[in-house]
Each structure stands twice: as C-alpha cells, then as structure tokens.
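Hi everyone, thanks for coming. I'd like to take a few minutes to walk you through a structure, so please have a look at the screen.

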Amino acid sequence: MKTSYHSVHQPRCMVCKKHCKSFESLREHLIGPLAKGVCSAIFSKWGCQLCLTLFDSPASLDDHSETCHLSAPVPMGTSEVPYIDSHIDFLDSSDENNDDWRPRAIAMDCEMVGGGSDGSLELCGRICLVDEDENLIFHTYVKPQIPVTNYRYDITGLTEEHLRDGMPLKEVREKVLQILYNGESIGKARLDGGKARLVVGHDLAHDFDCLGMDYPYHLIRDTAKYRPLAKTNFASHSLKYLTRTYLGYEIQTGIHDPYEDCVSVMRLYKRMRDQIHENEGYGKLTPTDSIVGICDSWRSKELDNLTPDELYAISQPDYKCWCLDLKPKSVEA
C-alpha cells in the first residue's frame, strides 16, 4: 500500500500511533462502541478521559487528573454592575521586537436578544471579554438599535431594565476594537498581526455580525471551527458539549452566562494550545530542485505534470495548529 503521510499536529493514539482527523475520531478509537480492543484495554487503565493522554502508571494518571479536571467558573449572573471596564495595558512597540514576544489572547462572548416582527433578528444585548488569566476586562449591556421583540429570557436572563441604560452599539464596537487591536494599526494587524491580540470564542462569526465588525482571520481562534475539536464529519460541536467532554464540567444548565462561556472557551483554547508536538513539517518529503526552481513561475501545465508525491511535498495544510501560538516570533521566523 502507498505510504500515508500525516501531520504531526493531528490527534494520535498513543498506543498504536494511529493518526486521527479529530479528537472525536480518536475518542471513538479509544472508548467508542467500536473501539480497537488492545488500545481500549490499555487506555481504560492509564488514559485520561478528557485530554486522551496516556500515562505510564495509575499514580501518574491520578496526579494528572487533579489538574486536567477543572471546576466550573462562578457565573456573573445578571444582578452585577452592568458596566465593567478593567484597566488593560497596551503593549509597547519595543515589546513586539523582543524575541520571546507572542500575541496574547482575549476571549469574547455575546448574548443575543431578538428583534423584528417574529423576534428572529439577532441583536447584541450583552458582551463580555476575558483575558488569558480569566480576569474580566470588559462587560456591558448593549442598548438595542431597534425595538426588542423577544428578550429570550429563559436563555439570556435579560429584561428591558437591563438594556434600557446599556451602552450604544457603536461605543461597544469601538471599545472592543480598541482592546483587540491593542494600539496596532489595522493595516499591520491584517498583515502580520503586530501587537494585536488573538480573539478566542465559539462561533465568532455570529458575534462579529451582531456587533457589526470584522477582524483579521489569522487572529481568530474559534472553537466551533477548529478541526481537532469538530465532529467526525467536521461539523461543529456546541460549547456545552466541548466543555463537558474536554474540561469535565457543565455550563449553560440554565441561563447562559457570558463570563462562564468566556472562561470555558479560553480554557479550551489554552488546552489545545498547550499541546506539545514535534517540530516537523506536514510530511517527510523534500521538494526536488526542479520543483523549487519553478515555484516563482508556476503554470497549470507544469503543476499537472507533477506526481502526487511532488505535489504533497510542496503543499501546506489548510489549518494552523494552535500550539504554534506559543512559539515566539524568533522561532517562527
């Protein structure tokens, strides 16, 4: 059979070394209804059910479980101070030039209310931002631009009183962009990130749409779109499922709390980011001199003449592993 090459960043069974396209596939391989017998037997004794890591002894597994199984954050509720804007320092341009500098992440979550005649029009009613240390750095209720016809109280816990004195959407958008861009110019942020922050969330396109803003794609870390966290068919899991499966606690058991969601999505991001992978490329092949020589003058006919191995050697993956976010600028260069 033709040798199959895989990314070192793919989830992999630590028993048989099989590569899987997502952690859901790996979970089925280890503990699913059709799990592989030998792998399942070994994993049931020494494997972590959350991060799917295999340890060399039950004692090591017990020590690991104490840090892997997290407790749920305390929800903010709806009775707290409606507006919080914590002081957050802007990075100096000299910090970006340090070899060990890397962009910091901010988790964002919005709660939506309904507008329009049938209440189906999504309006941002509440927004929350949390830093990597789970500190609340921004929270406010948002004054709707059009009348709210459905507050979705069972989910949001919001009423007319919460939004009456909320911050106008334009001011919210300006504040969020100020925090995320971190004093960096939009042009440089779109080019290489600069000092701009990574934004972490779940289905962020929905939040950005309701805020009426966009953000550079390469600075977005979305747990609903990240391939290793997807279902086996690459459809998205809910944040509730991901939190229960990978962090070990329940959220959204009643009213959805944006602080709870922000902390949970940040923990998911950091768990994926902190994985240790080999410093290798996405294959073992090296482009030949003839391929390298035509890189600057490719034409469709020349590509058609390349073999599958040659095409693979010069190809790149269509997703970036989040573990690369930990590498300082000097390493990536």
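**A strand and a helix pair**

So, the protein has 15 helices and eight strands. Please keep in mind that this is a predicted model. Of its 333 residues, 43% count as buried. If we take contacts between residues at least 6 apart in sequence, 63% of them join residues at least 24 apart.

Let me begin with the strands, and with β4 in particular, residues 136-143. Is this strand mostly covered or mostly open? Mostly covered: seven of the eight residues in β4 are buried.

Now, who are its partners? Strand β3, residues 121-131, runs antiparallel to β4, and the two are paired over five bridges. They make a hairpin, with four residues separating β3 from β4. If you look into that turn, you'll find Glu134, which has a positive phi of about 70°.

Next comes strand β1, residues 84-85, which also pairs with β4 in the antiparallel sense, over two bridges.

Strand β6, residues 167-168, pairs with β4 in the parallel sense over two bridges. In that pairing, Lys143 has Pro168 of β6 as its bridge partner.

In general, two packed helices are described by the angle between their axes and the distance between the axes. Our pair is α10, residues 239-246, and α11, residues 258-273. Their packing angle is about 55°, and the axes lie 10 Å apart. As for handedness, the α10 and α11 crossing is left-handed.

Which residues make this contact? On the α10 side we have Leu239, Leu242, Thr243 and Tyr246. Facing them from α11 are Asp261, Ser264, Val265, Leu268 and Arg271. Sorted by class, the contact between α10 and α11 has five nonpolar residues, along with two polar and two charged ones.

Definitions and conventions:
Residues are numbered from 1 along each chain as its sequence is written. This is a predicted model: local features need pLDDT of at least 70, side-chain atom pairs count only at pLDDT 80 or more; totals for chains, interfaces and linings use all residues. Side-chain values use heavy atoms; hydrogens and water are left out. Axes are lines fitted to C-alpha atoms, for helices over the stretch in contact, and angles run from 0 to 180 degrees between N-to-C directions. A crossing is left-handed if the near helix is turned anticlockwise from the far one by less than a right angle, and right-handed if clockwise. Contact means heavy atoms within 4.5 Å. Ala, Val, Leu, Ile, Met, Phe, Trp, Tyr, Cys and Pro count as nonpolar, Asp, Glu, Lys and Arg as charged, and the others, Gly among them, as polar. Buried means under 20% relative accessible area, exposed over 50%, partly exposed in between (1.4 Å probe, protein chains only). Two strands pair if DSSP finds at least two bridges between them.
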